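These are my notebook entries on one structure. I set down in turn what I looked up and what I found.

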Amino acid sequence: MTTNIIVTGGAGFIGNKLCEELLKNPNNRVICLDNNSTGREDNIEALKSNPRFTFIYHNVKDIFAIDQKFTRFITWHALHLRHNTNEIA
Ligand SMILES: NC(=O)c1ccc[n+]([C@@H]2O[C@H](COP(=O)([O-])OP(=O)(O)OC[C@H]3O[C@@H](n4cnc5c(N)ncnc54)[C@H](O)[C@@H]3O)[C@@H](O)[C@H]2O)c1
C-alpha cells in the first residue's frame, strides 16, 4: 500500500535528507513543500527524477491552500522539519 508523506521544509538541510531516506521505501510517495526561504532547490535536485517525489513551492502558513492542493491524496502524513519552529519564515 502506498503511503503519501508530506515533508514541510523538505528542501532544507535536514528535510532533504529525510526525503531521501523516505524514498528508499518503494511504498512511500513524498511531497516536499518548501518556500525556499532558507532552503535551496539544489538540495533536492537529485530527487526530482524520482517519480515518487514531488516538490511544490508553498508557504506552509497558507493552510487553506494546502487543503486545496492535496484533495487528490487520500491519506497523507505531515512531517514538519525545522530545528526551531519559532523561526518559521
Ligand atoms: N553545512 C552545514 O553543516 C549546514 C548547512 C545548513 C544548516 N546547518 C544546520 O542545520 C540546522 C538547520 O537545519 P534545518 O533543516 O532545521 O533548517 P533549514 O533552514 O535548512 O530548513 C528549513 C526549511 O524550511 C523551509 N521553510 C521555512 N519556512 C517555511 C514556510 N513558511 N513554508 C515552507 N517552507 C518553509 C526553508 O525554506 C528550509 O528549506 C542548523 O542547526 C544549522 O546550523 C548546517
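**Entry 1: confidence.** I began with the confidence of this predicted model. The mean pLDDT of the protein chain is 80, and 70% of its residues reach 70 or more. I then compared the elements. Helix α1 has the highest mean pLDDT, at 94, whereas strand β4, residues 77-80, has the lowest, at 56. I noted a caution for my reading: where pLDDT is low, the predicted coordinates should not be read in detail.

**Entry 2: elements.** I counted 2 helices and 4 strands in the protein chain. Read from the N terminus, their order is β-α-β-β-α-β.

Entry 3: In which sense do β1 and β2 pair? I found that they pair in the parallel sense, over 6 bridges. As one example, I looked up Thr3, whose bridge partner in β2 is Asn28. Between the two strands the chain passes through α1, and this β-α-β crossover is right-handed.

**Entry 4: the faces of α1.** I asked which residues of α1 are buried. They are Gly15, Asn16, Cys19 and Leu22. Viewed down the helix axis, these buried residues fall within an arc of 125°, so they line one face of α1. I also looked up what they pack against, and found β1, β2 and β3.

**Entry 5: the core.** The chain has 89 residues, of which 27% count as buried. I recalled that in soluble globular proteins nonpolar side chains tend to be buried together. Here the largest nonpolar core has 13 residues, and those with the most contacts inside it are Val7, Cys19, Val30 and Cys32. Three elements, β1 (3-8), α1 (15-23) and β2 (28-34), each supply at least two residues of this core. The element that gives the most is β2, with 4 residues.

**Entry 6: Cys19.** With its neighbours within four places in sequence left aside, Cys19 is in contact with Val7, Gly10, Val30, Cys32, Ile44, Leu47 and Phe53. I then turned to the chain as a whole. Among contacts between residues at least 6 apart in sequence, 64% join residues at least 24 apart.

**Entry 7: the loop between β2 and β3.**

- Asn36 is partly exposed, because 15 other C-beta atoms lie within 10 Å.
- Ala46 is also placed in the loop between β2 and β3. Is Ala46 buried or exposed? It counts as exposed, because it has 11 C-beta neighbours inside 10 Å. Ala46 and Glu20 are 26 residues apart along the chain, and their C-alpha atoms are separated by 9.3 Å.
- Pro51 is another residue of the loop between β2 and β3. I found 7 C-beta neighbours inside 10 Å, and therefore Pro51 counts as exposed. In sequence, Pro51 and Arg29 are 22 residues apart. In space they are 8.5 Å apart, C-alpha to C-alpha.

Technical notes:
Residues are numbered from 1 along each chain as its sequence is written. A nonpolar core is a set of buried Ala, Val, Leu, Ile, Met, Phe, Trp, Tyr and Cys residues joined through C-beta atoms within 7 Å. A residue is buried if 20 or more other C-beta atoms lie within 10 Å of its own, exposed if 12 or fewer, and partly exposed in between; C-beta atoms are placed from the backbone. Two residues are in contact if their C-beta atoms, placed from the backbone, lie within 7 Å. pLDDT is the predictor's confidence in each residue, from 0 to 100. Two strands pair if DSSP finds at least two bridges between them. A crossover is right-handed if, with the strands pointing away from the viewer, the path from the first strand over the helix to the second runs clockwise. The arc is that of the directions from the helix axis to the C-beta atoms.
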